Amino acid sequence: IKAIDDFQIVNGAQTTASIFHSMVKDKLDVSNVNIPVKLTVIKNPGDIDRIVPKISLCANSQNKITAADFSSNDPFHIKTQKLSRSIWAPAQRGSQQETHWYYERVRGQYQDDKGREKTPKQRRIFENQNPTSQRFTKTDLAKYEHTWNQLPYLVSLGAEKNFREFFQNLKDNGSFEPSDEYFRSLIAKAILFKKADKIILSQKYGGYKANIVTYTVALLSYASEKRIDIERIWKDQDISRNIEKELVNLSKIVQLQITNPPGGKNITEWCKKKDCWESLLQQIIELSDSVSQELVSHDFVKQREEKIRAFHDERHEKIDEK
């Protein structure tokens with residue numbers, strides 16, 4: 001072998017990391033170390049995304065490989081990662097520090113990136129610019145999106161199963177390229193979800209918090225017809241006091257509904273059913289006047305969604321022309 005072009009290490013992360021630490025941190029000579037490898041030549045580049053995950057699945061016996069791990073190299077996740085590193089979130093109240101919402105496309109990526117900073121000061125800067133509270137994963141992304149899209153019963157399936165549903169739906173609807181607009185709206189949904197989580201925790205319902213959170217935020221999305229001002233949430237990096245109060249009120253309705261399944265069914269299993277969501281929608285849900293006054297118009301929501309989709313269509317038209 002004289003040269004290898006565009007190679008990728010599959011299932012060798014621990015070995016690669018061990019060599020790196022031995023060379024750089026322990027200052028050991030590894031020039032005489034021999035490592036057996038299996039070289040797979042993929043002649044058709046279009047087969048890479050299909051074959052590489054299968055190599056990982058069949059060869060890995062040390063660590064659990066998840067569906068989310070397999071999809072890391074999908075263009076959707078790669079573009080979302082790029083956006084997360086380039087878009088600065090507005091400074092929160094009382095702070096001058098702009099930050100990133102760090103998308104962890106690959107498991108352990110955050111710690112790896114921080115570890116690449118050479119000095120303690122550089123690592124502190126990295127942490128300030130990429131706070132751990134704003135780190136989110138592929139399964140988190142699926143949770144935020146499915147909750148906003150009023151699919152809390154899928155979120156209740158658990159992180160991996162919900163992600164598989166999300167990713168399959170993404171594939172079924174054709175490739176989608178995230179834009180700046182999409183990323184900002186995604187983070188607004190993340191902020192809303194995270195705030196709801198803290199609020200519902202403070203209510204001390206005694207159990208089923210994860211289910212109550214996703215059903216409550218989904219109910220807010222449903223009752224408002226997705227007219228929550230997510231642009232304002234992005235700018236403020238926070239939700240309004242009126243929405244906070246509304247989440248408390250809605251969570252009480254949700255908690256009472258989902259913890260009393262028909263026929264004495266198991267609550268956790270009941271929350272995984274579409275029937276659970278549909279039974280909740282039979283309740284009379286009216287948002288407070290204060291929240292209703294904050295809602296954006298239907299036309300604004302339509303324009304928001306069209307703008308995100310238009311970016312995707314425009315980019316693909318240019319690619320087709322090339």
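Contact here means heavy atoms within 4.5 Å, and the views below use the word in that sense for a predicted model.

**View 1. Helix H11 and the helices packed around its buried residues.** Helix H11 covers residues 209-223, and its buried residues pack against helix H7 (138-148), helix H8 (152-155), H10, helix H13 (241-258), helix H14 (267-271) and helix H15 (274-280). Because 11 of the 15 residues of H11 are buried, this helix is largely enclosed by the rest of the structure. The buried residues are Asn211, Ile212, Val213, Thr214, Tyr215, Thr216, Val217, Ala218, Leu219, Leu220 and Ser221. After H11 comes Glu225, which has a positive phi, near 55 degrees.

**View 2. The whole protein chain, for orientation.** The chain contains 17 helices and 2 strands, and its C-alpha atoms fill a box of roughly 70 × 50 × 50 Å when this is taken along the principal axes. Of the 322 residues, 39% are buried. Among contacts between residues at least 6 apart in sequence, 73% join residues that are at least 24 apart.

**View 3. Phe136 and Tyr215 in the largest nonpolar core.** This core has 58 residues, and the two that touch the most other members are Phe136 and Tyr215. Helix H10, made up of residues 180-202, gives the most to the core, with 12 residues. When neighbours within four places in sequence are left aside, Phe136 is in contact with Trp101, Tyr102, Tyr103, Glu104, Leu141, Tyr144, Phe183, Leu186 and Ile187. Tyr215, for its part, is one of the buried residues of H11.

**View 4. The crossing of helices H7 and H10.** The axes of H7 and H10 are 9 Å apart and the helices pack at an angle of about 85 degrees, and they are therefore roughly perpendicular to each other. On the H7 side the contact is made by Leu141, Lys143, Tyr144, Glu145, Thr147 and Trp148, while H10 contributes Tyr182, Leu186, Lys189, Ala190, Leu192, Phe193 and Lys194. Sorted by class, the residues of this contact are 8 nonpolar, 1 polar and 4 charged.

**View 5. The crossing of helices H4 and H10.** Helix H4 consists of residues 75-86, and its axis comes within 10 Å of that of H10, crossing at roughly 80 degrees. Since angles of 65 to 115 degrees count as roughly perpendicular, H4 and H10 are therefore described in that way. Phe76, Thr80, Leu83 and Ser84 of H4 meet Asp180, Tyr182 and Phe183 of H10, and by class this contact has 4 nonpolar, 2 polar and 1 charged residues. Phe183 is also among the residues in contact with Phe136, and Tyr182 takes part in the contact of H10 with H7.

**View 6. His146, a buried residue of helix H7.** His146 lies in H7 and has a relative accessible area of 5%, so this residue is buried. Apart from neighbours within four places in sequence, His146 is in contact with Leu151, Pro152, Leu154, Val155, Asn162, Glu165 and Phe166.

**View 7. Asp289, an exposed residue of helix H16.** Asp289 lies in helix H16, which runs over residues 289-292. With a relative accessibility of 61%, Asp289 counts as exposed, because the cut-off for that class is over 50%. Asp289 and Glu278 are 11 residues apart along the chain, and their C-alpha atoms are separated by 25 Å.

Conventions:
Residues numbered from 1 in each chain as written. Predicted model: local features only at pLDDT ≥ 70, side-chain atom pairs only at ≥ 80, totals over all residues. Heavy atoms only, no water. Core = buried A, V, L, I, M, F, W, Y, C linked by side-chain atoms within 4.5 Å. Buried < 20%, exposed > 50% of the residue type's maximum accessible area, 1.4 Å probe, protein only. Helix = DSSP H or I, 4+ residues; strand = E, 2+ residues; numbered from the N terminus. Axes fitted to C-alpha atoms, helices over the stretch in contact; angles between N-to-C directions. Parallel < 35°, antiparallel > 145°, perpendicular 65-115°, else oblique. Nonpolar A, V, L, I, M, F, W, Y, C, P; charged D, E, K, R; others polar. Expected span 1.5 Å × (residues − 1).
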